[in-house]
Amino acid sequence: MMEIRVLKYFLAVAREENITRAAALLHITQPTLSRQLMQMEEELGIKLFRRSKHSIVLTEEGMLLRRRAQEIVDLAEKTEKELLYQEENIVGEIAIGCGETKNMKPLSEMIASFQQQYPNVSFDIYTAIADDVKEKLNHGILDMGLLLEPVEISKYHFVKMPFKEVLNVLMRKDNPLAQKQKITPHDLIDVPLILPKRQSVLNEIENWFEEEREKMKVACTCNLSQNNIFIMTENKVGVAITIKGENNHTDLCFKPMEPEITNNSVLVWRKNQTLSPSMVKFISHVKTYLENDYTS
């Protein structure tokens, strides 16, 4: 069975693509590191690296192991922090996966106020689309997820966050559509579109187009940060259907959609999981904070 220590060795070499540099970072000798890697390959019966004179790169099997190894190491480190808990002192780390949403504001307020009470609890914020966040939640890598609906909620406990997200059409100001007050599906026939990669949101957009959906012209789908979506729109890849956010680009504008597409956000955590003491305290804090500071 592979040890966590050896997985860390493997990850260091995969990251550095050079055994000498990896050995120096790990504070072990190069022969020791090379021997550990060869033993790992023998144990697994596969080649993890392609070696050349100047570099070492992952095989396809190595790339799969890298992903799983990182999850295992993250989970081991997280568990170790949770085991440091003492009854009189709430300590540990809470890992939260988040998309780009205005509900980061109340979440950050809750984190700040919680740390005033429990300064020995730290937070690890992981930014990704909802599907990636859910995968890490289900593997126990993340404790909580801030997800934009629609979400299959049966696996999770959740609280609703206070702010709704509204999809808008982002475009250049010199686009003729920028003269319109609102954008309808008919306006976007044969217009190159930059769309979210998440399938449930794509389904909502297709439903919004209704009978015009066959005339959608998708330039690309992406899980890029909103800043990168701004850049792609600015450089005429297409117009983007995305959550309305802060726009610091003077040559771009948001236009509302008709009919409107709005979604709630939820803060979720897995059902049937053993909660760390810091998680129990934070969930209680979240519920109290939302009840007292954000009313519907």
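Helix 5 (residues 104–117) has 14 residues; at 1.5 Å a residue these should span 20 Å, and the end C-alpha atoms are 20 Å apart, so expectation and model agree. The expected span is 1.5 Å times one less than the number of residues. Helices (H or I, at least four residues) and strands (E, at least two) are DSSP runs, numbered from the N terminus. The model is predicted: local features need pLDDT of at least 70, side-chain atom pairs count only at pLDDT 80 or more, and totals for chains, interfaces and linings use all residues. Residues are numbered from 1 along each chain as its sequence is written, and side-chain values use heavy atoms, with hydrogens and water left out.

The buried residues of helix 5 are P106, L107, M110, I111, S113 and F114. Buried denotes under 20% relative accessible area, exposed over 50%, and partly exposed the range in between (1.4 Å probe, protein chains only). An α-helix has 3.6 residues a turn, so residues three or four places apart point the same way. The buried residues of helix 5 pack against strand 3, strand 4, strand 5, strand 13 (265–270) and helix 9 (277–293). Contact here means heavy atoms within 4.5 Å.

The second largest pocket has a volume of about 170 Å³. A pocket is an open set of points on a 1 Å grid over the protein atoms alone, where a 1.4 Å probe fits, with protein on both sides within 12 Å along at least five of seven lines; lining residues have an atom within 4 Å of a point. Grid points are joined across faces, edges and corners, and the volume is the space filled by probe spheres set on the points. Eleven residues line this pocket, and D74, E93, A95, D124 and I141 lie nearest its centre. Helix 4 (60–82), strand 3 (92–98) and strand 4 (121–127) each supply at least two lining residues. Helix 4 gives the largest share, four residues. By class, the lining has seven charged, four nonpolar and no polar residues. Asp, Glu, Lys and Arg count as charged; Ala, Val, Leu, Ile, Met, Phe, Trp, Tyr, Cys and Pro as nonpolar; the others, Gly among them, as polar.

Backbone geometry was examined next. A cis peptide bond joins E149 and P150, with omega about 10°. P150 lies in the loop between strand 5 (144–148) and strand 6 (156–160). A cis peptide bond also joins E258 and P259, with omega about 0°. P259 sits in the loop between strand 11 (252–256) and strand 12 (262–263). Phi of H27, a residue other than glycine, is positive, near 60°. H27 is exposed, at 74% relative accessible area.
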